[in-house]
Amino acid sequence: MFLGTHSPRLDEKGRIILPAKFREELASGLVLTRGQERCIYVFSEKEFERVHEQMREAPISSKQARDYIRVFLSGASDEVPDKQGRVTIPPALREYAGLGRELAVIGAGSRAEIWDAQAWNEYLAEKESAFSETDDPIPGIL
């Protein structure tokens, strides 16, 4: 499970050093793809296979499912971290997420997410107030 917030930097070659807590689960390989809210989703190979299987169950007649699958998979890139735990983020994904040098890598349970640090701070500031005001149970969570 991916937890916490980490602050790596993007190097001049478009690489980040994965947080130490995440390296073991991602050591054999990972998949980077477009996430929602202009971040990059990071899945272990095993979790990405599970997500893909869920997508395959969607009816091909569903335009919404076809559109989502196209956007999600066309931006996907399978990567293997090097011995120092570095992984290259492809240019198209860096551009999609608007990544600068300062990043936020957050744990989101079954996946990690890579955000531009400023974008993450703005998102968090906006959502934290709504989080603290939530008084109705969220189905499946609380």
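Close-up 1. Glu37 is exposed, with a relative accessible area of 51%. (Exposed means over 50% relative accessible area, buried under 20%, and partly exposed in between, with a 1.4 Å probe and protein chains only.) This is a predicted model: local features need pLDDT of at least 70, side-chain atom pairs count only at pLDDT 80 or more, and totals for chains, interfaces and linings use all residues. Residues are numbered from 1 along each chain as its sequence is written, and side-chain values use heavy atoms, with hydrogens and water left out. Glu37 sits in the loop between strand 3 (30-34) and strand 4 (40-44). Helices (H or I, at least four residues) and strands (E, at least two) are DSSP runs, numbered from the N terminus. Phi of Glu37 is near 60°, a positive value in a residue other than glycine. Arg38 lies in the loop between strand 3 and strand 4. Its phi is also positive, about 60°, although Arg38 is not a glycine.

**Close-up 2. Ser77 in strand 5.** Ser77 belongs to strand 5 (residues 77-79). Ser77 is buried, with a relative accessible area of 14%. Its side chain joins that of Glu79 in a polar contact of 2.5 Å. (A polar contact is a pair of N or O atoms within 3.5 Å; within protein, one must be able to donate a hydrogen and the other to accept it, and residues adjacent in sequence count only if both atoms are side-chain atoms.)

Close-up 3. Helix 5 (residues 117-133) has 17 residues. From first C-alpha to last it reaches 24 Å, close to the 24 Å expected at 1.5 Å a residue. (The expected span is 1.5 Å times one less than the number of residues.) Asp116 caps the N-terminal end of helix 5. A side-chain oxygen of Asp116 lies 3.2 Å from the backbone nitrogen of Gln118. A kink of about 25° is centred on Lys127. (The bend at a residue is the angle between axes fitted to the seven residues ending there and the seven starting there.)

**Close-up 4. Leu3, before strand 1.** Leu3 lies in the segment before strand 1 (5-6). Leu3 is partly exposed, with a relative accessible area of 48%. Leu3 and Leu103 are 100 residues apart along the chain, and their C-alpha atoms are separated by 16 Å.
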